[in-house]
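The sequence and the model are shown below.

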Amino acid sequence: MKVLSLKCVNCGAGLEVKQDIDDFACGYCGVQQHVERSGSIVSLSRLEDALDDVKLGTNRAASELALERLQTDVVAIYKKRDREVRALLDANHKNNVRIGLGLTLCVAFSMGIFGPLYGMPLIFIGCFIGSRFMKSVARDKRAIEANAEATASPLKAQIARHQSIIDSYDFGTQGAK
Ligand SMILES: [Zn+2]
């Protein structure tokens with residue numbers, strides 16, 4: 001009987017698998033795995049993953065399509081994030097120009113009317129208010145970035161999953177020779 005030389009999906013140990021075996025447990029680490037055959041392509045997957053894949057109707061071609069779509073989605077998420085951050089910074093820049101003008105007028109007005117003694121505290125108040133605006137921009141930027149990451153990270157997990165399916169098919173091709 002033909003024996004396939006494969007590697008355990010979990011521990012990487014070399015395994016000799018008889019051709020008529022579908023499910024078995026690794027003799028080294030005990031992880032249950034499934035032998036997938038697609039023409040001359042033979043690959044191993046964890047038994048629970050194999051069941052998931054059947055449920056999802058996943059195969060290599062589907063994974064490649066999904067991978068492409070997911071990568072496009074992730075790129076779009078980061079592009080949107082960059083646009084939002086740029087818009088925020090642009091608005092902030094305009095805002096800072098206004099704050100700067102306001103402060104200049106405030107300084108001139110305060111010094112002119114009240115003199116340095118009372119003018120200085122007004123300037124500090126102006127700076128304080130200005131700094132609050134700047135802080136809120138930094139916070140908004142972090143919120144945009146965190147939001148984009150939260151949207152992208154489940155997609156990245158799916159990308160890794162599909163990539164591992166494709167890799168396992170590639171591995172199976174080599175193992176079958
Ligand atoms: Zn193992």
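## Overall architecture

In this predicted model, the secondary structure of the protein consists of two helices and five strands. Along the sequence these elements follow the pattern β-β-β-β-β-α-α.

Of the 177 residues in the protein, 11% are buried. Among contacts between residues at least 6 apart in sequence, 50% join residues at least 24 apart.

## The three-stranded sheet

Three strands form an open sheet in the order β3-β4-β5, and their pairing is antiparallel. Strands β3 (23-25) and β5 (41-46) stand at the edges; each has a single partner strand, so one side of each is left without a neighbour in the sheet. From one strand to the next, the twist averages 30°.

Strand β4 (residues 32-38) and β5 run antiparallel and are joined by six bridges. Val 35 stands opposite Leu 44 in β5. In general, strands of a sheet pair through backbone hydrogen bonds, in either a parallel or an antiparallel manner.

Ile 77 lies in helix α2, which covers residues 60-175. Is Ile 77 buried, partly exposed or exposed? Ile 77 has 18 other C-beta atoms within 10 Å and is therefore partly exposed, since a buried residue would require 20 or more.

When neighbours within four places in sequence are left aside, Ile 77 is in contact with Ala 148, Thr 151 and Ala 152. Ile 77 and Glu 149 are 72 residues apart in sequence, yet their C-alpha atoms are 8.5 Å apart in space.

Notes:
Residues numbered from 1 in each chain as written. Predicted model: local features only at pLDDT ≥ 70, side-chain atom pairs only at ≥ 80, totals over all residues. Helix = DSSP H or I, 4+ residues; strand = E, 2+ residues; numbered from the N terminus. Buried ≥ 20, exposed ≤ 12 C-beta atoms within 10 Å, placed from the backbone. Contact = placed C-beta atoms within 7 Å. Pairing = 2+ DSSP bridges. Axes fitted to C-alpha atoms, helices over the stretch in contact; angles between N-to-C directions.
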